Amino acid sequence: MSEITQTLNARRLLCPMPLIRTQNAIKKLQFGEILEVICTDPGTEYDIPTWCRMYEHKLLLQEQRETVDEMVEYCFVIEKGNKEAE
Amino acid sequence: MNPENIKQPKAVALISGGLDSMLAARVIMEQGVHVEGINFYTGFCVEGHTQAIRNQDKNKPKRNNALWAAEQLGIKLHIIDIVEEYKDVLLKPKHGYGQHMNPCLDCKIFMVRKAKQWADENGFDFIITGEVIGQRPMSQRKATMPIIAKESDVGSRLVRPLCAKFLPETYPEKMGWIDRNKMHDISGRSRKPQMALAEKFAIDEYAQPAGGCCMLTNEHYSKKLVDLWQAKAANNQTRDYTLDDIIMLKIGRHFRPKENFKVIISRDEGESNFLRGYRSEFTWLELTSHDGPLTIVDGHPTEEDLLLAARMTARYSQGRDADTVEVQLTTLDGVSKILNVEPLPADEVLPQWHI
């Protein structure tokens, strides 16, 4: 997988803030650059893939990770598509 | 010919995630207009996710309803964070509050104005809302429709497809982009016409938030917000708030035993996990001898107040019938100590403490 351009820490943010931050971060990237997003809101498991489909960004990875204090984090790796979010 | 007559017109629809805004967008899409959605996040939106923190709501779909609605419609959705700007609307509503702390009319004007700004910046021609005359006591009345159009500066570029037949002709109608006969004459609080229209469009699933999609129309939430403002005033602070402040009002049981401090006690595992994320910013308590809630103390509690908070925590734990329980108290400096306390009897949790 290509190198991650930027990592967005969206932990503790509740819907729809992780999505808003993702949307704003992607806007600043160039086509083909890669954003990693780490969330704790389980709703992002639906929202981020849906948003990627809507804007034709490529979701390279979606996974759950357990943290040292046994909390779950949701991790997404998104490649910016060439159909810019207008 | 005016070039506006030949290109495909573009409209931006306010999408809440509820049925009316979906239908309104769809009615205009049917007429060949390019529609995209816009959704504003005020911080007070009732979202599946926040509700889903609680165990009892685990079966509800965890998703952003506006995003979901947009995908059903096959349109793009733009979600805009207006948490900061919204403070002016909530703190100084020109048209006042509704039954609770809901500034519905000012809110609608603000959102339509923001949508118009977005439309201007992005080359969209008009704005769509799902408003229905007579549906909401404060903002959706025949008398308020022109006020919203005028004060938002959008004027006749605001189209309400669900009740358009009751309203004056709009600019997109004059331009021939949309046809009044293909719009509707829905009014009142009955949901039947909307359900019939949903069936026609084969929309068979939609969010139905009780009491709308805003926490400010909720009596209990409004009481907590007023309490937050009173506590700030007592500390010579303004009514300004942070996003954390207003999200915390959605979580747990809230008590104010004395003016100088507030106790928030989680109601289930989901809320405990959520409050755990705030531990470094508050004094907090948790039982070590029994299963129980996580408690956060806000304000300026004395030693005696913290002892009461510990006894209250015990009251809502599995150790409520024990003679004494062990509660770990951790203060803002990160230092912890164990308190051996007697659980507070139910009748000593005074009704006036409940916020």
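Chain B of this predicted model averages a pLDDT of 91, with 93% of the residues scoring at least 70; pLDDT is the predictor's confidence in each residue, from 0 to 100. Because the model is predicted, local features need pLDDT of at least 70 and side-chain atom pairs count only at pLDDT 80 or more, while totals for chains, interfaces and linings use all residues. Residues are numbered from 1 along each chain as its sequence is written, and chains are lettered from A and ligands numbered from 1 in the order in which they are written.

**Exercise 1.** Describe the sheet of 5 strands in chain B and the helices that pack on it.

*Solution.* Begin with the strand order, which is β3-β2-β1-β4-β5 in an open sheet with parallel pairing; strands (E, at least two residues) and helices (H or I, at least four) are DSSP runs numbered from the N terminus, and two strands pair if DSSP finds at least two bridges between them. The edges are β3 and β5 (158-159) of chain B, each pairing on one side only. Next, β2 (residues 34-41) and β3 of chain B are joined in the parallel sense over 5 bridges, and Ile38(B) stands opposite His78(B) in β3(B). Finally, α1 (residues 19-29) of chain B lies across β1, β2, β4 and β5 of that chain, at about 170° to β1(B), whereas α5(B) touches β1, β2, β3, β4 and β5 of chain B and makes about 150° with β1(B). Such angles run from 0 to 180 degrees between N-to-C directions, with axes fitted to C-alpha atoms, for helices over the stretch in contact.

**Exercise 2.** Determine how α5 and α6 of chain B are oriented and which residues meet.

*Solution.* The axes of α5 (residues 104-122) and α6 (residues 144-151) of chain B come within 8 Å and cross at roughly 40°. That makes α5(B) oblique to α6(B), since angles under 35 degrees count as roughly parallel, over 145 as roughly antiparallel, 65 to 115 as roughly perpendicular and the rest as oblique. From α5(B), Leu105(B), Lys108(B), Ile109(B) and Val112(B) meet Thr144(B), Ile148(B) and Glu151(B) of α6(B), where contact requires C-beta atoms, placed from the backbone, to lie within 7 Å.

**Exercise 3.** Identify the edge strands of the antiparallel sheet of 6 strands in chain B.

*Solution.* The order in this open sheet is β6-β7-β9-β8-β10-β11. Because β6 (253-258) and β11 (336-341) of chain B each have a single partner strand, they stand at the edges, and one side of each is left without a neighbour in the sheet. From one strand to the next, the twist averages 25°.

How values were computed: Two residues are in contact if their C-beta atoms, placed from the backbone, lie within 7 Å.
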